[in-house]
Amino acid sequence: MAKIVTQDLKLWYGNFQALKSVNASFEAQMITAIIGPSGCGKSTLLRVLNRMNDLTEGVRTEGQVLVDGNNILGDGADLVTLRKKVGMVFQRPNPFPLSIYENIAFGERIHTGRVKRDVMDEIVERGLKSVLLWDELKDKLKSSAMSLSLEQKQRLCIARLIAVKPDVLLMDEPCSTLDPQATARIEELMYELKRDYTIIIVTHSMQQAARISDDTGFMLLGELVEFGKTKDIFTAPKDKRTEDYITGRYG
Amino acid sequence: MKRNPHLTQKIAFFLLLMATLLIVVPVGLIVVIIIQKGLPAINWQFLTDIPRQGMRAGGIFPAIVGTAYLVGGAIVFALPIGVLAAIYLSEYSKENVLSRIIKLAIINLSGVPSVVYGLFGLALFVVFFKFGASILSGALTLGIMILPIIITSSREALESVPDSFREVSLSLGASKWQTIRNIVLPNAIPGILTGTILGLGRAAGETAPILFTVAAFYLPQLPESIFDQAMALPYHLYVISTQVPNVDEKIRYGTALVLLLLVLFMNLVAIIIRSKLRKNKKW
């Protein structure tokens, strides 16, 4: 079932058109990868899905983005509810300069206000367990999240997001600052998470897309050139440009 | 003649060093001279007694207390307004004519001579609002004077908080205000405090703004309410240096030393906070 659907989605930064009539359908409980060369609009597409583009000045959109059937573009959309449902993991691991515990507790604190200590403890434990950090960190929950390794930080950021109980995880090149081993472990984690979440990942690594995703979209110059089963895109691309890209002719 | 680049460099370094030393020397001399001449006057009685014999003997306790009240009043007034204004400028305002006018006003406000603040305080607080010459009028005048310092430093502190923190917070569904309240402000507080303390050091040392608004020539008892006049260290120093004949040099330099130590102490606190902030800077 399609969790998120974009219909004739166009986006401009001032006069520059960054998205040209994007029609895509992101399935629930699957990993969809968006690939393409730098500046093709893949991050822009990702950031429209939870309206993070609103933070950039001079952004204008046309078309529709349906999340569970509701259009999230336009003034009427409730951004807080949207972002609780559609969360984001960023390229650079960016924990808050707070303790490990407080990082994960953040979402609960802002959304429900006062929370009983034992309830919060449980949320933190569950969050850390879901990203397989609990055993490593359970004895140092009070220490600063800034002291963690890059991989641990990125896992913590995923845990912080999961604690808000979203449906969709948007991942913007989440492994680009990590070494190959850490990348492999994060990919394993994404595989685990896919059972409960809809995952959309932007990556400039075609291998990563091929390894982990069910669906893949290839973007070029703001256009969604091809979108389909990952298997098909990588073995039998229909569009010449997709073929050129995945065979390494540019990118 | 061919120039020797190494020699040129040495000469240049020497000149730069001399220019830098020129800044250090006066500061050192001021401190040394004032300590040397003022230290003999400092004792428990000097710090805790009221002035006696037409300010030629006794202590400077009322002036110390008066300065403390003025500085405290200025902060109560200027800190909340300054921080709120900084939050508006840094987090909410868009780059437009209004925000540029506000920023220009702040820059100009910090360039206004302090005696003009004094006259302004006299006209607005003493006369128009009928607060009279009082601690309230003086504190408000000083507060306005240090407002630009607090706004500018708070704005810098807020803007130095990385945008990625704001972005994550918003992406987790926090509202803009929750983001400011929970993420931006806590990370900016050391910077805000530093600026505030530097502002207070300035407020403690200024004579002109309190001249017409609060300062009492001679007031041997302590103020009882914010509508009372009060003595203050800088004005007291001015008075015993120029208005009262035959004041022992020791007392003058002793007063100057107390004022200097007060201001240096505040700056020291600001420096310590700032260096701690730099050490803990986690991004």
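The model is predicted, so local features need pLDDT of at least 70 and side-chain atom pairs count only at pLDDT 80 or more, while totals for chains, interfaces and linings use all residues. Residues are numbered from 1 along each chain as its sequence is written, with chains lettered from A and ligands numbered from 1 in the order in which they are written.

**The hairpin in chain A**
- Strand 9 (residues 215–220) and strand 10 (residues 223–229) of chain A run antiparallel, joined by six bridges; strands are DSSP runs of E, at least two residues, and helices are runs of H or I, at least four, numbered from the N terminus.
- Strands pair if DSSP finds at least two bridges between them.
- Across from A:F218 you'll find A:E226 in strand 10 of chain A.
- Two residues sit between the strands of this hairpin, and A:L221 in the turn has a positive phi of about 50°.

**Where chain B meets chain A**
- On chain B, 16 residues are in contact with 21 residues of chain A (C-beta atoms, placed from the backbone, within 7 Å).
- Helix 7 (163–171) of chain B gives the most to that side, with six residues, and helix 8 (176–205) of chain B supplies at least two.

**Around helix 7 of chain B**
- B:V168, B:S169, B:L170 and B:S171 are buried (20 or more other C-beta atoms, placed from the backbone, within 10 Å of a residue's own).
- Their cover includes helix 2 (79–85) and strand 6 (86–89) of chain A, plus helix 8 of chain B.
- After helix 7 of chain B comes B:G173, with a positive phi near 95°.

Notes: Contact = placed C-beta atoms within 7 Å. Buried ≥ 20, exposed ≤ 12 C-beta atoms within 10 Å, placed from the backbone.
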